[in-house]
Amino acid sequence: MAVTAIEFAEHCRRYTADPVNKSKGWILMEWKDEYQDPGRCYVGMVIKDVRVIGMDGVMCDVSVCWHQVYRVPVLCFVAYYEDGTLVPFSKVVNKIRMPDGVSSESPILGQQPEAVISQGPHPVTDTFVLHVHPCETQSSLECMGVGSSSPHYLMSFLSIAGPILGLPIALCQPTPAPVPQTQPEIPDTDSIP
């Protein structure tokens, strides 16, 4: 099931409010649309200066935002060398390796980088970015049994798209509160007839 913009914004707020995710560098981001729909605000998450696994000296600024057409999260990034020079698309695709040892039915992780990484306008800012193409996101989440109302919707999405860049993702579920143990009632033997 696709996620609405409102549901996605709430998922972002919850994810970035978690102390573990905050400690890893995830922050809530709001973008104002001053061109197409003045007054409209988009919510997403960003993390800056992520070192890309398998690409020495390459950093990424990453954003996760809602894609209006596919109605799913999309992971966008700008890859650059430590001196600030942008890394060409062909070099990113040739250097990124899908995670080893991932045995997943996920349509995203089951493909080669050149089939997953695309280039184009950021869905919110319209600036040129690279992104994990959102066309298989919905089916990947469905393979995991994750729906838009799941409290771990974004963590599930990041566990699919994040390993491509080596993003810092807390893959542990919050520990549920313990269920109080009730003692079985033992009848008072004095009151048994």
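Which residues have the most contacts inside the largest nonpolar core?

**View 1. The largest nonpolar core.** This core has 41 residues, and Trp26, Val62, Leu75, Phe77, Leu158 and Leu167 have the most contacts inside it. A nonpolar core is a set of buried Ala, Val, Leu, Ile, Met, Phe, Trp, Tyr and Cys residues joined through side-chain atoms within 4.5 Å; buried means under 20% relative accessible area, exposed over 50%, partly exposed in between (1.4 Å probe, protein chains only). Elements giving two or more residues to the core include helix 1 (5–17), strand 3 (58–67) and strand 4 (72–81). Helix 6 gives the most, with 7 residues. Helices (H or I, at least four residues) and strands (E, at least two) are DSSP runs, numbered from the N terminus. The structure is a predicted model: local features need pLDDT of at least 70, side-chain atom pairs count only at pLDDT 80 or more, and totals for chains, interfaces and linings use all residues. Residues are numbered from 1 along each chain as its sequence is written, and side-chain values use heavy atoms, without hydrogens and water.

View 2. Asp49 lies in strand 2 (residues 40–51) and counts as partly exposed because its relative accessibility is 48%. Beyond four places in sequence, Asp49 contacts (heavy atoms within 4.5 Å) Met59, Cys60, Asp61 and Tyr80. The C-alpha atoms of Asp49 and Cys60 are 5.4 Å apart.

**View 3. Residues 101–105.** The pLDDT (the predictor's confidence in each residue, from 0 to 100) averages 78 over the protein. Over residues 101–105 the pLDDT is below 50.
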